[in-house]
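Here's a walk through one protein model, written for someone who likes to have the coordinates open alongside.

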Amino acid sequence: MRKDVRILLVGEPKVGKTSLIMSLVSEEFPDEVPLRAEEITIPADVTPERVPTHIVDYSEAEQSDEQLYQEISKANVICIVYSVNNKKSIEKVTSHWIPLINDRTDKDSRVPLILVGNKSDLVEHSSMETILPIMNQFQDIETCVECSAKNLKNISELFYYAQKAVLHPTGPLYCPEEKELKLSCIKALTRIFKITDLDNDGILNDNELNFFQRTCFNTPLAPQALEDVKNVVRRNMADGVKDNGLTLKGFLFLHTLFIQRGRHETTWTVLRRFGYDDDLELTQEYLFPMIKIPSDCTTELNHNAYLFLQSVFDKHDKDRDCALSPEEVKDLFKVFPYMPWGPDVNNTVCTNEKGWITYQGYLSQWTLTTYLDVQRSLEYLGYLGYSIVYEQESQAAAITVTRNKRIDLQKKQTQRSVFRCNVLGAPGSGKSGFLQAFLGRNLQRQKQIKENHKSYYAISTTYVYGQEKYLLLHEVMPDLDFLSEADLACDVVCLVYDVSDPRSFEYCAKVYKQYFIDSKTPCVVIAAKSDLHEVRQHYSLSPHDFCRKHKLHPPQSFTCNTTTAPNKDLYTRLTTMAMYPHMAQADLKNSTFWLRASLGATVCAVLGFAMYRALLKQR
């Protein structure tokens, strides 16, 4: 909402502009009226909307046309004052003042106008019959007020309506000619309906209506009040209420009714609570709340964020198959202005046999977005209404900023849940296959992936010593001369070579010697395509001798050319090395170190699956 309001009063001489201002301030009619009142500021604490209000008078006798034009450009709302007992001043409203104001304001940002009929104490009749056609002719006119500066009739109301025209404008919400909500307003209210429809059945039941009421107005509705609201909708539209709950049509009808009855502040309260500005766009402050991320720290979702995302998944997984079909994904993202996930996402996370994103894959994608681009993750959570549903100040409350990695190394322990593994290797060495195998896809399934749907990331869960962790694999472009800091910043490195290509290992050796030989980042050499015939590498040292010389673990054999899903033990090892980099070198020859980690993974995977099935039964 605006931080202040500037009201300008214009009109013909002697219609009582200055008297209206002075009567408002002193609460009595002035004995002597100057040619022009000085600009006054009404403090926020004495205005109904709690917003400072500046009231500016215009005097033809004291001010030039240029000064008038400047005031028009600065005004948020303009009151055109006429005298109800002076026909000429009424005629001037349309012949002079409205054209003048329109000429001086941009068509796309016209200021709201209020027609003010002063001196109502001098006549017994109303000027409304004359004014109504004018109001119908000009869309910029918000309302008309008849008042009297002499007997203080409707003075405070006049300035309240002026304030309201700025803070709660009708223009963006409603089209008076069509007598219906504007498309942008319907779009915003539809998003609000979908967020509030917590079970996604297309109906707001009593619990959801009360949640909506508490969220927007800090008070629940009494049972009788709820029934009264539904009865109003029932009387006016056949499909506004279904199964004793409010449909989207009924919800939109209620807001149309509020606006038609001059209660548009109610609709604006709802829109602003859900993050909208005066142009019905979600504000930058709402979508991108401030969050400080020191260098060498990472960003993760916290427990409440995962609970929220689980609830979003549940409400859209209508067939309860623990995966999101393309239609269910589309429905989930209806509250977004665009589709955030492309086809590459299906090759970044786990999917079922139909290629649909599974529950685990869905949470993995959110984890990936939060790690790589926390601002994008905040934006997405904003569209889904995280801060509203979880009653937080902003969606920044969903993010955990991990401590500096140097402290983890010093203390030899970490609280992080997401670990990054950069995968490097020469073209054709098998990097993409290594990423896809982590998602359970053998070579046969990988061949079905379209070239333009490929992903350079893969993320899924692993278990280390009984703890569930996310391992994020990133395939780095194989250009030795253009590896950036981002390409090198990670928790563990995989150097992949093709055992059947004699020139493949040389790239791994060069990358290691150029970038990682003095690094504290653990490195693992992967002997990919191990199902093929192994050839001698055209390098001064064999891969085994190179690893021995540089105190690296011996090359790890890997193939994704299997009949079933590829083995995942190697990924558990990588996660373990990422979690315990200080132990990675010391325990290279200690097979029990890896055995303990793998055993913990197997036990936890079984337990995790059993718990997940139990959760599904509850759902």
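**Layout**

Keep in mind that this is a predicted model. The protein chain splits into four pieces: domain 1 (5-167), domain 2 (180-281), domain 3 (290-402) and domain 4 (414-579). Between the C-alpha centres of domain 1 and domain 4 there are 73 Å.

Let's start with an open sheet of six strands, ordered 17-18-16-19-20-21, with mixed pairing. Strand 17 (457-464) and strand 21 sit at the edges with a single partner strand each, so one side of each has no neighbour in the sheet. Helix 14 (residues 359-372) packs on this sheet and touches strand 16, strand 17 and strand 18 (467-475), with its direction at about 110° to that of strand 17.

| Strands | Sense | Bridges | Example pair |
|---|---|---|---|
| Strand 16 (residues 418-425) and strand 19 | parallel | five | G425 and V496 |
| Strand 19 (residues 492-498) and strand 20 | parallel | six | C494 and V524 |
| Strand 20 and strand 21 (residues 556-557) | parallel | two | I526 and Q556 |

How does the chain get from strand 19 to strand 20? What connects them is helix 21 (residues 504-516), in a right-handed β-α-β crossover. From strand 20 to strand 21 the chain goes through helix 22 (residues 543-549), and this β-α-β crossover is right-handed too.

Is strand 20 (residues 523-528) largely enclosed or left open? Six of its six residues are buried, so strand 20 is largely enclosed by the rest of the structure. In a regular strand the side chains alternate between the two faces of the sheet. In strand 20, C523, V525 and A527 point one way, V524, I526 and A528 point the other way, and all are buried.

Over in strand 18 you'll find H474. With a relative accessible area of 9%, H474 is buried, because the cut-off for that is under 20%. Setting aside residues up to four places away in sequence, H474 touches R420, C421, N422, V423, Y456, Y457 and D487.

**Cores**

In soluble globular proteins, nonpolar side chains tend to be buried together. The largest nonpolar core here has 73 residues, and the members that touch the most others are I192, L271, F274, L309, Y362, W366 and L384. Take L384: beyond its neighbours within four places in sequence, L384 is in contact with I195, F308, L309, V312, L332, V335, F336 and W366. Apart from that core lies another one of 28 residues, including C350, A437, Y571 and M579.

Helix 18 (residues 431-438) is mostly covered, with seven of its eight residues buried. The buried ones are K431, G433, F434, L435, Q436, A437 and F438. Just after helix 18 comes G440, which takes a positive phi of about 85°.

**A few single residues**

Which residues other than glycine have a positive phi? K412 is one of them, with a phi of about 55°. K412 lies in the loop between helix 17 (405-411) and strand 16, and at 52% relative accessibility K412 counts as exposed. Y465 is another, with a positive phi near 50°. Y465 is found in the loop between strand 17 and strand 18, and its 30% relative accessibility makes Y465 partly exposed.

Finally, have a look at C175, which is in strand 7 (residues 174-175). C175 is buried, with a relative accessible area of 18%. Leaving out neighbours within four places in sequence, C175 is in contact with E180 and K182. C175 and Q139 are 36 residues apart along the chain, and their C-alpha atoms are separated by 8.9 Å.

Methods
Residues are numbered from 1 along each chain as its sequence is written. This is a predicted model: local features need pLDDT of at least 70, side-chain atom pairs count only at pLDDT 80 or more; totals for chains, interfaces and linings use all residues. Side-chain values use heavy atoms; hydrogens and water are left out. Buried means under 20% relative accessible area, exposed over 50%, partly exposed in between (1.4 Å probe, protein chains only). Helices (H or I, at least four residues) and strands (E, at least two) are DSSP runs, numbered from the N terminus. Two strands pair if DSSP finds at least two bridges between them. A crossover is right-handed if, with the strands pointing away from the viewer, the path from the first strand over the helix to the second runs clockwise. Contact means heavy atoms within 4.5 Å. Axes are lines fitted to C-alpha atoms, for helices over the stretch in contact, and angles run from 0 to 180 degrees between N-to-C directions. Domain bounds come from an automatic or database domain assignment. A nonpolar core is a set of buried Ala, Val, Leu, Ile, Met, Phe, Trp, Tyr and Cys residues joined through side-chain atoms within 4.5 Å.
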